[in-house]
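Here is a short tour of one model, written to be read with the structure open beside you.

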Amino acid sequence: MGFLASSLLSPLWLGGLLFVLGVAGWRRLRRGLRIAFVVAGALLLALATPLVAGRLILWQESRAPSPQECGSSPDTIVVL
């Protein structure tokens, strides 16, 4: 179930879905909505590229506190 949910919420899948929906309703959509479909689809597909995905991971990892900020290691370690 988790794999299915994560694959359906991926930027590549959502970008492809926007592309298909945009092509299917291109003639019926207003110009502003067409532009929104193209911009959103391009952004989602760009987020799926390794370069942008790597930058997003680097940005997210830089927000985590460093081990020095977390304090000293505990004296006892409990493994369950």
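## A buried glycine

In this predicted model, Gly-15 has a relative accessibility of 0%, so the residue counts as buried, the cut-off being under 20%. You will find Gly-15 in helix H2.

What does Gly-15 touch, leaving aside residues up to four places away in sequence? Its partners are Gly-41, Leu-44 and Leu-45.

## How H2 meets H3

Now step back to the two helices. The axis of H2 (residues 11-24) comes within 7 Å of the axis of H3 (residues 31-47), and the two cross at roughly 155 degrees. Because angles over 145 degrees count as roughly antiparallel, H2 is roughly antiparallel to H3. The crossing of H2 past H3 is left-handed.

On the H2 side, the contact involves Pro-11, Leu-12, Leu-14, Gly-15, Gly-16, Leu-18, Leu-21 and Gly-22. H3 contributes Phe-37, Ala-40, Gly-41, Leu-44, Leu-45 and Leu-47. Sorted by class, this contact has 10 nonpolar and 4 polar residues, with no charged ones.

## How confident is the prediction?

For the protein chain, the mean pLDDT is 80, and 88% of the residues reach 70 or more. Which elements mark the two ends of the confidence range? Helix H4 (residues 50-63) has the highest mean pLDDT, 86, while helix H5 (residues 67-70) has the lowest, 68.

Conventions. Residues numbered from 1 in each chain as written. Predicted model: local features only at pLDDT ≥ 70, side-chain atom pairs only at ≥ 80, totals over all residues. Heavy atoms only, no water. pLDDT = per-residue confidence, 0-100. Helix = DSSP H or I, 4+ residues; strand = E, 2+ residues; numbered from the N terminus. Axes fitted to C-alpha atoms, helices over the stretch in contact; angles between N-to-C directions. Parallel < 35°, antiparallel > 145°, perpendicular 65-115°, else oblique. Left-handed = near helix turned anticlockwise from the far one by under 90°. Contact = heavy atoms within 4.5 Å. Nonpolar A, V, L, I, M, F, W, Y, C, P; charged D, E, K, R; others polar. Buried < 20%, exposed > 50% of the residue type's maximum accessible area, 1.4 Å probe, protein only.
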